[in-house]
Structures are given as structure tokens and as C-alpha cells.
Amino acid sequence: MNISLLIIFIFLCLALYLGIQAKQGKKMNMEQWAVGGRGFGTLFIFLLIAGEVYTTFTFLGGSGWAYSKGAAAYYVPSYIFLAYVLSYWLAPKIWRYAKDNKLLSQPDFFATKYRSPYLGVLVAIVGCLALVPNIIIQFKGLGIIVSQSSYGAISQTAASCIGALVVTIYVMVSGIHGSAWTSVIKDFMILIVVVFLGLYIPFHYFGGIQPMFEAVHHVKPELLTLPDQGLSTSWFISTVLLNAIGFYIMPTSFMVVLTAKGEKAIRKNAILLPLYTILLLFVFFIGYAAVVQIPGLQGGEGDLSLLKLATQTFDPWIVGFIGAAGLLTALVPASVMLMSTSIGLTQNLYKVIVPSATERQLSFTSKGFILLLSAISLYFTVNGSDALAILNIMSYGLIIQLAPALFFSFVKNNFVNKYGAFAGIIAGELMVLYMTVTKKTIGTLLPYAPRAIQDINTGYIALLVNIIVMVVVSLVTKNIKINETKPENPRLVLHESKNE
């Protein structure tokens, strides 16, 4: 075992220890296991939401996009900044309604808002389809990071399996508390490693950040501006808006909101988190430096630019700390993804099928789903699948189809009913599937439209279909009397609380 792998292994054991110890002194009922007893303050909310940003994308995709696509990579911090601004108003509304109605999951929210357990089932399935590919990305990214930073001392497959085992154990034992405590060490490591790399590498190789950009301009000037077509200005703006809308609709972000102890903690994070997101710029600096120092990386190899530049520049013990930080960027997001998916399936699929399930049975089932989801994700991490690749491309588009129903639910005297919400989501999901499989874009649908129109993110087409179907179906079915009788699942009762 070389020094690099030893350091990574030490941090892996530390993450497992913190994840298991997080349950100490707590009675782990479903509310405590799933949403931390709704008692997380500003710090834990900050770290968990930040975990949605600093995933394996930080080490692979962020620097890789800067390396291969240049200025287009700036859409990432841009949409995250805007998402936090929107969350200042949106997230407290979600938290208040969930607290008043004792909800534990995103599907719970939709089922209660629209008085439809079957809408909850649909939302749970959509969340599962969207998040499983992302869990696989975390496991696969973990394997790549550990294997590369250990100089091949451990294979990608072995690293992915060990990481999946660790995250499964501490999530089953401590639930969201395990994710929260491991996020403490993860974000500490990210802060040190990203800032260090983002400053050291430009100064070491170029004498500063400005000289680095001058060197990039000399060899690949096209990377410093948005192109006139494709990833153009209209693509950039439309993608930033679309992703900002969808950020807090992701089941993971949604669940973290439910863990807060109050609206004040949520609003504080909306103010503070954009500052932390600026760290992504340091990741982009590394990608730009690699353009000059490691030229010729093709396709997916660009995602390895950070790790290749690090192993070329530093001694193995420093590379070990970089690999350890990369390891943690996979464990924390994967744990929250596993949690939110399993809770949604338990509360809104299993409980609909077995409405008389006890608290103990629900807890057992949730942990069973954790095992199942981890096993499925690990299988596809190792073996891959064409169908999975399509699902991965679709994942964000699938989740964002929940946005119209969510936003309409907060409208006073909302005219959208459960039939409209259900039909709209289904129509939007089918359109996402059609556009992905056929590779249709606005440009192929409107070949004679101005280039600025053709480059708009195609996600808007599915959203438009979703909204039209939702409105039409709601108006057509407005005279159908909604069943007001109390459902067997008490979580699906609409309590006498304000919807704002």
C-alpha cells in the first residue's frame, strides 16, 4: 500500500466512524432517521446543501468542462447562485407546509398538497428514476478518483465497491445524521484542497492567474468565450434559468430543506451559500491550466485533467489528500441520494400498498430500499447499460417536470387539481423521453428559426407541454368532486394550515 492509498484509506475509515457515531444519543425513529427530527441548524443545512454542489463533478466534471468546453462551464455557478436566490422565498414555504403536516419526503408533499396518494407514487418513481443514475455517477466517480490518485494501486471497481459498502452502512445506521457529520469533514477538505490547487497550480506553472489565461488564449482562444452556436449565449441563459428552477426540486435538496429547525436557518443559507459556490472557480482554473500543461486529452479524458495535473505536479502524499477529498465528494451526495430515494419509496409506494404498516416496518423497509438501491447502482457502476446512459441524460429533465405542480400548489385558490398535476407530469416525462431518444432539439424542430432560438435548452419544450396538459386537464375535470374522505395514510391528510 503506497502513501497515497494509505491516506485515502484513513479518511474512508474516518468517514465510516463519523457516520456511525452520528446516531449516538438519538432515538432513531423514522422522523429522526429521515429528516434529523427537523432539528438541523444553519451549519448542517449549509454543509448538506453544499454537498449537492461539491460532488464528484467538482473533481471530474468541473475541471473537465473548463478543459474541453471553456467558458460554457460558468453556467454551473451561475445557475446555483440563482437557485439560492429563489430558495430564499421558496424553501421556507416548503419547510413550513411539511412541518405543519408532518411530512418526511418530497412525494409526501405532492400527495398531501393534491390529496392524491397516487400522485405521491408517481413522484416517488420519478425521483427514483432520476436519482439512481446520479448515485451511479458518484460510485463511478469515486472509483476513478481513488484509482487515479492511488497511482493504480487499487482498481476502479474495487474502490467503487468499498465506497458503496461504507456509505450504505452509515446511512442505514444513522440516516441523515450520518450524511450531516461526514459532510463536516468533506467540506473542510474541499475548502483546503480546491483553494490550494486553484491558486498553487496557476502560480506554479504560469506565475499567476492572469498569465495562465493569457497562455490559454495563446493556444486555444475559443475556450475563453461562448461560441456563436451550440453552447451559445441563448443556451447559457436558458440553461441557467432551467437548472435554477430545478435545483430545489431535486429530491435531495428538497429533503435537506425538511431537516431544518426553522425558516431562519434556511434563509441564512440562501444568503451564505453563494459565497461558498465561488470555490468552483478554482476548479475551473485547474482545468484551464491543464489545457496548456496536458494538451491532447480527448472526449471523456478531459474529466481526468485535474487528477492528471495533480499527479504530475505533486508528491504522492499530497495526491493522497486530494484523492481523499475526492472520495468524500462522492460519499456525502450518494448518501443523501440513497436516503431521499428510499424514504420516498417507503412513504409513498410501500405505505400505499401496505397502509397499516407500523413505524418499525417502515424503518425496516426504508433500510431494505437502501440496500436494494445500493446494489442496483453498484451493479450498473461495474457493468454499465445503454438504457442507463439514456436515463442519466434524462435525469434532470425528469425531475424538473415536477416544478409546475409544485409552484401552482402555492398559488392562492389554485385551480390545478390532482388530475391535472398527474397528467401534466406524465406528459412532460414522455416528452423528455421522446426528445432524448430521438435526439430532437429546438434546432431540429425549427430549422429555419434564428440561431438564438435554436440553441435554447430543449427542456423548455417538455415543460411547456407539461403546463398546457396540466391546465387543460384541470379545467376539463374541475367539476369532478375530489374525494375528501380521510385516507388510511394519515400523512396524506391536508391539515388546516396555510399553503404559503
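User: In this predicted model, what is the relative accessible area of Cys 13?

Analyst: A residue counts as buried under 20% relative accessible area and as exposed over 50%, with partly exposed in between. Cys 13 is placed in that middle class, partly exposed, because its relative accessible area is 37%.

User: Is Cys 128 buried or exposed?

Analyst: The limit for a buried residue is a relative accessible area under 20%. Cys 128 has a relative accessibility of 17%, and therefore Cys 128 counts as buried.

User: At roughly what angle do the axes of helix 6 and helix 13 cross?

Analyst: Helix 6 covers residues 75-100 and helix 13 covers residues 251-258, and their axes come within 9 Å. The crossing of helix 6 and helix 13 is right-handed. The angle between their axes is roughly 65°.

User: How many nonpolar residues are there in the contact of helix 6 with helix 13?

Analyst: From helix 6, Ala 91, Ile 94, Trp 95 and Ala 98 take part, and they meet Phe 254, Val 257 and Leu 258 of helix 13. The residues of this contact include no polar and no charged ones, and the number of nonpolar residues is 7.

User: Which helix holds Thr 277?

Analyst: Thr 277 is buried, with a relative accessible area of 1%. Leaving out residues up to four places away in sequence, Thr 277 touches Tyr 54, Pro 77, Ile 80, Phe 81 and Tyr 84. The helix in which Thr 277 lies spans residues 263-277 and is helix 14.

User: What is the phi of Lys 102 near?

Analyst: Most residues other than glycine have a negative phi. Lys 102 is found in the loop between helix 6 and helix 7, and at 56% relative accessibility Lys 102 counts as exposed. Although Lys 102 is a residue other than glycine, its phi is positive, with a value near 55°.

Definitions and conventions: Residues numbered from 1 in each chain as written. Predicted model: local features only at pLDDT ≥ 70, side-chain atom pairs only at ≥ 80, totals over all residues. Heavy atoms only, no water. Buried < 20%, exposed > 50% of the residue type's maximum accessible area, 1.4 Å probe, protein only. Axes fitted to C-alpha atoms, helices over the stretch in contact; angles between N-to-C directions. Helix = DSSP H or I, 4+ residues; strand = E, 2+ residues; numbered from the N terminus. Left-handed = near helix turned anticlockwise from the far one by under 90°. Contact = heavy atoms within 4.5 Å. Nonpolar A, V, L, I, M, F, W, Y, C, P; charged D, E, K, R; others polar.
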